[in-house]
Amino acid sequence: MKPLRRLTPKCLFWAWVLGWATAVYLPSLAIALLSLSPLAAGENLLVDTFQVADEVSPAAKLAYAILFGGCMFAIRMAGANRRLFVDALGGAASIMLVAAFLPEYWSRGFGIGLNGIRFETVPTTIYVIGGLLSGIVFSLVEARCVLRSQKHAGDEAAQD
C-alpha cells in the first residue's frame, strides 16, 4: 500500500493556478495559430495569443477555475489512484461543462461565444486538449511541490 500524500494547501494552490493558466493560454495559442479568432492578425503569435486569451470572458475563465478547482479537490478527497490520468479527465470534463452550459452572452471569445456554434469540431478539440493538459499540469506541479515540501521537512527534521 502506498503512503498517502498529504494535502498541502500551498501545493494545491500553485497547481490550480498553473493548471488554470494552461487551460486558458494553450487553447488561445492554438486558436491564434490557426487564425480561428478575428483577433489573431498573424503578425506576432505571442501578442495574438494574449489578445485571444484576453478576449475570453471573465465568466468563462472564472467558471473553469471554479469547476476545475472543485474537481481537483474532489479527486484528492476521494483518494483516487492514477492521479495523472484522473486529473487529465477532470480537466477535460471541467472545460466541457463550461463549454456546454455557459450562456452565450457570458461566453465572449470562448465556445459558443467564439463563433456562434457551441460544439464546433476544431475549437472543441482544442478546448478538450487544453483541459486534459491543464489536469496533467496540475498533477505534475502538485506532485513536485509535495515532494519538495516533504524533502524540505525531512531536511529540517535531520537538523534537529
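The secondary structure of the chain consists of six helices and zero strands, where helices (H or I, at least four residues) and strands (E, at least two) are DSSP runs numbered from the N terminus. Along the sequence this reads as α-α-α-α-α-α. The structure is a predicted model, in which local features need pLDDT of at least 70 and side-chain atom pairs count only at pLDDT 80 or more, while totals for chains, interfaces and linings use all residues. Residues are numbered from 1 along each chain as its sequence is written, and side-chain values use heavy atoms, with hydrogens and water left out.

Taken along the principal axes, the C-alpha atoms fill a box of roughly 60 × 30 × 20 Å. The chain exposes about 9,400 Å², of which carbon and sulfur atoms supply 68%; accessible areas come from the Shrake-Rupley method with a 1.4 Å probe, and for residues only the protein chains shown count as cover. Of the 160 residues in the chain, 36% are buried. Here buried means under 20% relative accessible area, exposed over 50%, and partly exposed in between (1.4 Å probe, protein chains only). Among contacts (heavy atoms within 4.5 Å) between residues at least 6 apart in sequence, 69% join residues at least 24 apart.

Threonine 49, in helix H2 (residues 45-55), has a relative accessible area of 6% and is buried. Not counting residues up to four places away in sequence, threonine 49 touches Tyr25, Ser28, Leu29 and Ala32. Isoleucine 112 belongs to helix H5 (residues 112-115) and is buried at 11% relative accessibility. With the same exclusion of residues up to four places away, isoleucine 112 touches Glu104, Ser107, Ile117 and Arg118. Isoleucine 112 and alanine 99, 13 residues apart in sequence, are 7.3 Å apart in space, C-alpha to C-alpha.

One disulfide is found in a search of the whole structure, a disulfide being a pair of cysteine sulfur atoms within 2.5 Å. Cysteine 11 and cysteine 145 form this link, with their sulfur atoms 2.1 Å apart. The link is left-handed, with -75° about the S-S bond. Because cysteine 11 lies in helix H1 and cysteine 145 in helix H6, the pair ties together parts that are 134 residues apart in sequence. Cysteine 11 is buried at 1% relative accessible area, and cysteine 145 is buried at 13%. Cysteine 71 is partly exposed, at 23% relative accessibility; its sulfur is 19 Å from the closest cysteine sulfur, in cysteine 11, and so too far for a bond.

The charged side chains come next. Three salt bridges are counted, each a side-chain nitrogen of Lys or Arg within 4 Å of a carboxyl oxygen of Asp or Glu. Glutamate 55 and arginine 108 meet at 3.4 Å, N to O. This pair links distant parts of the chain, with glutamate 55 in helix H2 and arginine 108 in the loop between H4 and H5, 53 residues apart. Glutamate 55 is partly exposed at 30% relative accessibility, and arginine 108 is partly exposed at 40%.

Arginine 76 forms a salt bridge with aspartate 87 (2.6 Å, N to O). Since arginine 76 lies in helix H3 and aspartate 87 in helix H4, the pair ties together parts eleven residues apart in sequence. Arginine 76 is buried at 4% relative accessible area, and aspartate 87 is buried at 0%. A salt bridge also joins arginine 76 to glutamate 142 (2.8 Å, N to O), with glutamate 142 in helix H6, 66 residues from arginine 76. Glutamate 142 is buried, as is arginine 76. Through shared partners, Arg76, Asp87 and Glu142 are joined into one network.
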